[in-house]
Amino acid sequence: MPIDTSLTRRQALLLSGSAAALAAAGLSRWAQGASTAAQALPIPRLIEARNGEPVTLTLQKTQHRFGRGAPVPAQGISSSYLGPVVRVPSGETISFRVENHLDEETTLHWHGLLVPSHLDGGPHNTIRPGAAWSPEIRVRQPAATAWFHPHPHGSTARQIHSGLAGMMIVSDGADGERALPATYGVDDLPLILQDKRFGRSGAPVYDPDMMDLMHGFQGDTLVVNGAVGPVARVPAGYVRLRLLNAANARIFDLRFADRRPFFVVAGDGGFLAEPVEVRSLAIAPGERYEVLVNFADGRAVELTTAPDAGHGRGMMMPMMGARKRRAGAEALMRFEPDPVLKAATTRLPRQLATPAPFDARSAVAKRTFELNTMMGMGMMHGRRSGAADMMGINGRSFAMDRIDVTARLGTAEVWEISVGGMPPMAHPFHIHGASFRILSKNGRNPAAHEAGWKDVVLVEEHAEILVRFDNPAPPRMPFMYHCHILEHEDHGMMGQLAVV
Ligand code: C2O
Ligand code: CU
Ligand code: CU
């Protein structure tokens, strides 16, 4: 018996008079066209990182306004929610200082940075409360949009949901030559996409039940850069959106309300050879895409998402009722072209980059991975205590002291990943410290926009990737590979990779 809790939740919020209720009310007024009710898209502070200038990132408890109401308890990284955008020029060495002002252990993982494992910030690089971690990071990789977030085993989902995540831009200084929009906050906008559940107090609530662990924790309210239903004023030309899915579990299926085309210029690992035209774009947790959108017609338009197609694939067990199934598209935010802002880019660039070549025949090994959602039967008793190692890969749940894969530094391998068992759902599979090309998805070639270097692949049934291992990870400090649905990761759908 499917129950639409999102409706009842929303009603509860509206009755509670909380910040989130006001935000939700603001959103619905806004969705009906009263854009004056909406807040401006928050643009995170930009930190330009340089050689020899330390960058401090503080993980802290905060108060944050998601909507128009009062601030509510949240967490952020040197911010009230999420973090600054850190731009690092490729080729430089950045000294970070990561301070843990939380009252629990954490780590800070650089998702998408290609660095040795002792700098990676995975579950072995823990930072105790009150302590700091100071990695010196030599950035040597093509321009790309990456991000950072905590990775303490078992608490990653809760910590990211509370607001601990931020974007990182690796730049190569050549956006001018590529004729790409590159004015941060004006025509080059970070969009950090998430969904939230808000409690009666208006603060985000993270209280997954067994069903949420199975399917991943999804919210009933969409937020962009920590704001509910914001509006961005943009120049009436091409604007570059750096999309990051930092949701725990939801796959966004993005499209503009007027179905205008837009152009993917980069994926997780950097630029595509040339822009790829799309009308919709699925972005799974952990993934990044950079897209160009043309606002030259001067019309305001909403960015929307269709219901998450990765869930409810095939036959669901009836007890797992489709409680989060939503009917139509939902608005994430709105763009309003402003003639006062100078449109710096009025043409679509043709040639973007020459992505590093790859040769599938160079693979020295082939491995298979089956993603298992329901292994143990702790769930039969409906007790959360039995769920800690409910998920796994190849029948084994994550263990900090077990190395699952040892690869040779400087080689490439083919990894074949498939979805095992119930429920049939898509899993975004991610590898640390390595980048890969998708060879096939469900037996077919990947879509053109997924054909560049990546570090997350959405596995619907089956995917084959060619992975390069160019960063070392000794067995005592391995890299992780895992499902980026954070509840799956925390409950054991993760393995350890040594690169020697
Ligand atoms: Cu976003 Cu293990 O990472
Ligand atoms: Cu990662
Ligand atoms: Cu998963």
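The entries start with the ground rules and the chain, then go through copper sites, cores, pocket and cavity.

**Ground rules.** I worked on a predicted model, where local features need pLDDT of at least 70, side-chain atom pairs count only at pLDDT 80 or more, and totals for chains, interfaces and linings use all residues. Residues are numbered from 1 along each chain as its sequence is written, chains are lettered from A and ligands numbered from 1 in the order in which they are written, and side-chain values use heavy atoms, with hydrogens and water left out.

**Chain.** I read 6 helices and 32 strands for the protein chain. Helices (H or I, at least four residues) and strands (E, at least two) are DSSP runs, numbered from the N terminus. Of its 500 residues, 60% are buried; buried means under 20% relative accessible area, exposed over 50%, and partly exposed in between, with a 1.4 Å probe and protein chains only. Among contacts (heavy atoms within 4.5 Å) with a separation of 6 or more, 78% are between residues 24 or more positions apart.

**Copper, ligand 3.** Which residues coordinate this copper ion? I found His427 (ND1), Cys483 (SG) and His488 (ND1), at 2.0 to 2.1 Å. Donors are N, O and S atoms within 2.8 Å of the metal (3.2 Å for Na, K and Ca); water is not among the atoms, so sites may look incomplete. The donor spacing in sequence is H-x55-C-x4-H. Cys483 is buried, because its relative accessible area is 0%. His488 is also at 0% and counts as buried.

**Copper, ligand 2.** The protein donors here are His109 (NE2) and His430 (NE2), 1.9 Å from the ion. His109 is in strand β6 and His430 in strand β27, 321 residues apart, so this pair links distant parts of the chain. I noted both His109 and His430 as buried.

**Cores.** A nonpolar core is a set of buried Ala, Val, Leu, Ile, Met, Phe, Trp, Tyr and Cys residues joined through side-chain atoms within 4.5 Å. The largest has 34 residues, and those with the most contacts inside it include Trp415, Ile465 and Tyr481. Strand β30 (residues 462-469) gives the most to this core, 4 residues. Not counting residues up to four places away in sequence, Ile465 touches, among others, Trp415, Ile431, Phe436 and Val457.

**Pocket.** I used a 1 Å grid over the protein atoms alone: a cavity is a set of points where a 1.4 Å probe fits but cannot get out, a pocket is an open set with protein on both sides within 12 Å along at least five of seven lines, and lining residues have an atom within 4 Å of a point. Grid points are joined across faces, edges and corners, and a volume is the space filled by probe spheres set on the points. The largest pocket holds about 660 Å³. It is lined by 39 residues, and those closest to its centre are Leu114, Arg140, Gln141, Pro142 and Ser435. β6 supplies the largest share of the lining, 3 residues.

**Cavity.** I found 1 cavity of 30 Å³ or more. Its lining includes Ser117, Asp120, His124 and Met477. Ser117 is in the loop between β6 and β7 (132-133), and counts as buried because its relative accessibility is 3%.
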